[in-house]
Amino acid sequence: MRRRHVFKKELLADPKFNSKIVGKFINMVMLEGKKAIAEKIVYNAFEKVKTVLNEPDALKIFHKAIDNVRPRLEVKPRRVGGATYQVPIEVKQERGCSIALRWIRDYSKNRKGKAMEDKLAEEIIAAYKGEGAAIKKRDDTHKMADANKAFAHFRW
């Protein structure tokens, strides 16, 4: 083995929903260590999502949105005999969840105009409905993996 084993840090659950995924998402939204502001942004976005979709449970909507965005396959570059091949591999549950959260955050930031909580709420709603930039990114990733299916035998 080349590298030492990296131990996973135990993530704290968020105070309102007691969910580790929401806690992780708050940490991703946070800038410059301002966690209270990040919590306010995420919780206000959840309230807006609840009012727009007329659902009592924002957490269920959030989990469905993450599951819709989460990629099942991705490509990894493998160097074989001087050539680099994009080899499709399956994505583990935890990594897929992290990727989905990152895509939702990034595409929310890139939306123009309004406050971050509004943009975040819009992106979560779009992901819940199966549309939006994060879903498009997932589809592009799956298309790339599908196009490179011929190199699947290079995975190890």
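## Contacts of I124

In this predicted model, I124 is in contact with F46, V49, I61, F62, A65 and I104, leaving aside its neighbours within four places in sequence. I124 also belongs to the largest nonpolar core, where I124 and L120 are the residues with the most contacts inside the core.

## The nonpolar core

The core that holds L120 and I124 has 35 residues in total. Two or more of its residues come from each of the following elements: α1 (20-29), α2 (35-53), α3 (58-69), α4 (93-110), α5 (116-129) and α6 (133-147). The largest share is that of α2, which gives eight residues.

## Helix α1

The buried residues in α1 include V22, G23 and F25. I26, M28 and V29 of α1 are buried as well. Among the elements that cover the buried residues of α1 are α2, α3, α4 and α5.

At the N-terminal end, α1 is capped by S19. A side-chain oxygen of S19 lies 3.4 Å from the backbone nitrogen of I21.

## The β hairpin

Strands β1 (residues 73-80) and β2 (residues 83-90) run antiparallel and are joined by eight bridges. R79 has T84, in β2, as its bridge partner.

The two strands form a hairpin, with two residues between β1 and β2. In the turn, G81 has a positive phi of about 60 degrees. In a regular strand, side chains alternate between the two faces of the sheet.

Definitions and conventions
Residues are numbered from 1 along each chain as its sequence is written. This is a predicted model: local features need pLDDT of at least 70, side-chain atom pairs count only at pLDDT 80 or more; totals for chains, interfaces and linings use all residues. Side-chain values use heavy atoms; hydrogens and water are left out. Two strands pair if DSSP finds at least two bridges between them. Helices (H or I, at least four residues) and strands (E, at least two) are DSSP runs, numbered from the N terminus. A nonpolar core is a set of buried Ala, Val, Leu, Ile, Met, Phe, Trp, Tyr and Cys residues joined through side-chain atoms within 4.5 Å. Buried means under 20% relative accessible area, exposed over 50%, partly exposed in between (1.4 Å probe, protein chains only). Contact means heavy atoms within 4.5 Å. A polar contact is a pair of N or O atoms within 3.5 Å; within protein, one must be able to donate a hydrogen and the other to accept it, and residues adjacent in sequence count only if both atoms are side-chain atoms.
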